[in-house]
Amino acid sequence: MKYELTEDQISSKVGEDTVILNHNKGAYYGLNQVGLVVWDTLEQGPQTVDELCDAVISEYEVDELTCRRDVDALLKDLVSEKLVRVIKE
């Protein structure tokens with residue numbers, strides 16, 4: 001299973017932050033620094049949870065189990081806001 005950004009969102013870098021707009025809802029979102037690593041990696045194309053965790057672990061000192069739990073929670077939130085969708089293979 002992979003995750004990819006939806007067409008319902010646009011994002012833009014503002015300084016060191018990224019601002020995300022769900023244009024169907026008219027809602028803006030911000031992410032913490034770890035969330036930005038996940039988002040930036042998703043901007044490169046569809047990713048598995050393992051690939052997203054690899055990107056986070058390469059930037060931050062975090063164990064794999066904690067990373068996976070946090071990335072899963074973030075992806076669940078992003079999917080519920082229709083900013084990311086699941087691609088089933």
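Student: Where is the place of lysine 13?
Tutor: This is a predicted model. In it, lysine 13 belongs to a strand, namely strand 2.

Student: Is lysine 13 buried, partly exposed or exposed?
Tutor: Its relative accessibility is 48%. Buried means under 20% and exposed means over 50%. The value for lysine 13 falls in between, so the residue counts as partly exposed.

Student: Leaving aside neighbours within four places in sequence, which residues is lysine 13 in contact with?
Tutor: Lysine 13 sits in strand 2. With its neighbours within four places set aside, the partners of lysine 13 are Thr18, Asp40 and Glu43.

Student: How many helices and strands are there in the protein, and in what order do the elements run?
Tutor: The protein has three helices and five strands. Read from the N terminus on, the order is β-β-β-β-α-α-α-β.

Student: Why is the protein said to be as compact as a globular protein of that length?
Tutor: For 89 residues, the globule rule gives 12 Å. The C-alpha trace spans about 35 × 35 × 20 Å along its principal axes. The protein counts as being as compact as a globular protein of that length because its radius of gyration is close to the rule's value, at 12 Å.

Student: What share of the residues is buried, and what share of the accessible surface belongs to carbon and sulfur atoms?
Tutor: Of the 89 residues, 35% are buried. The accessible surface comes to about 5600 Å². The part of that surface belonging to carbon and sulfur atoms is 49%.

Student: What share of the contacts with a separation of 6 or more comes from residues 24 or more positions apart?
Tutor: The count takes in contacts in the protein with a separation of 6 or more. Among these, residues 24 or more positions apart account for 51%.

Student: Is helix 1 mostly covered or mostly uncovered, and which of its residues are buried?
Tutor: Helix 1 is mostly covered, with seven of its 10 residues buried. Those residues are Gly35, Leu36, Val37, Val38, Trp39, Thr41 and Leu42.

Student: Which elements do the buried residues of helix 1 pack against?
Tutor: Both strands and helices take part. The strands are strand 1, strand 2, strand 3 and strand 5. The helices are helix 2 and helix 3.

Student: How do helix 1 and helix 3 cross?
Tutor: Two packed helices are described by the distance and the angle between their axes. The axes of helix 1 (residues 33-42) and helix 3 (residues 64-80) come within 11 Å. They cross at roughly 65 degrees, and the crossing is right-handed.

Student: Which residues make that contact, and how do they divide by class?
Tutor: Helix 1 supplies Gly35, Val38, Trp39 and Leu42. Helix 3 supplies Val71, Leu74, Leu75 and Leu78. By class, the contact has seven nonpolar, one polar and no charged residues.

Student: How do helix 2 and helix 3 cross?
Tutor: Their axes come within 9 Å. The angle is roughly 120 degrees, and the crossing is right-handed.

Student: Which residues make the contact of helix 2 with helix 3, and how many are charged?
Tutor: Val49, Asp50, Leu52, Cys53, Val56 and Ile57 come from helix 2. Glu64, Cys67, Arg68, Val71, Asp72 and Leu75 come from helix 3. Eight are nonpolar and none is polar. The number of charged residues is four.

Student: Is serine 58 buried or exposed?
Tutor: Serine 58 lies in helix 2 (residues 49-59). The cut-off for exposed is over 50%. Serine 58 has a relative accessible area of 58%, so it is exposed.

Student: Which residues is isoleucine 87 in contact with, leaving aside neighbours within four places in sequence?
Tutor: Isoleucine 87 is in strand 5. At 25% relative accessibility, isoleucine 87 counts as partly exposed. Its contacts beyond those neighbours are Met1, Lys2, Glu4 and Pro46.

Student: What is the phi of lysine 82, and where is that residue found?
Tutor: Most residues other than glycine have a negative phi. Lysine 82 has a positive value, near 60 degrees. The residue is found in the loop between helix 3 and strand 5.

Definitions and conventions
Residues numbered from 1 in each chain as written. Predicted model: local features only at pLDDT ≥ 70, side-chain atom pairs only at ≥ 80, totals over all residues. Heavy atoms only, no water. Axes fitted to C-alpha atoms, helices over the stretch in contact; angles between N-to-C directions. Helix = DSSP H or I, 4+ residues; strand = E, 2+ residues; numbered from the N terminus. Left-handed = near helix turned anticlockwise from the far one by under 90°. Contact = heavy atoms within 4.5 Å. Nonpolar A, V, L, I, M, F, W, Y, C, P; charged D, E, K, R; others polar. Rg over C-alpha atoms; globule rule 2.2 N^0.38 Å. Buried < 20%, exposed > 50% of the residue type's maximum accessible area, 1.4 Å probe, protein only. Areas by Shrake-Rupley, 256 points an atom, 1.4 Å probe, with all protein chains shown as cover.
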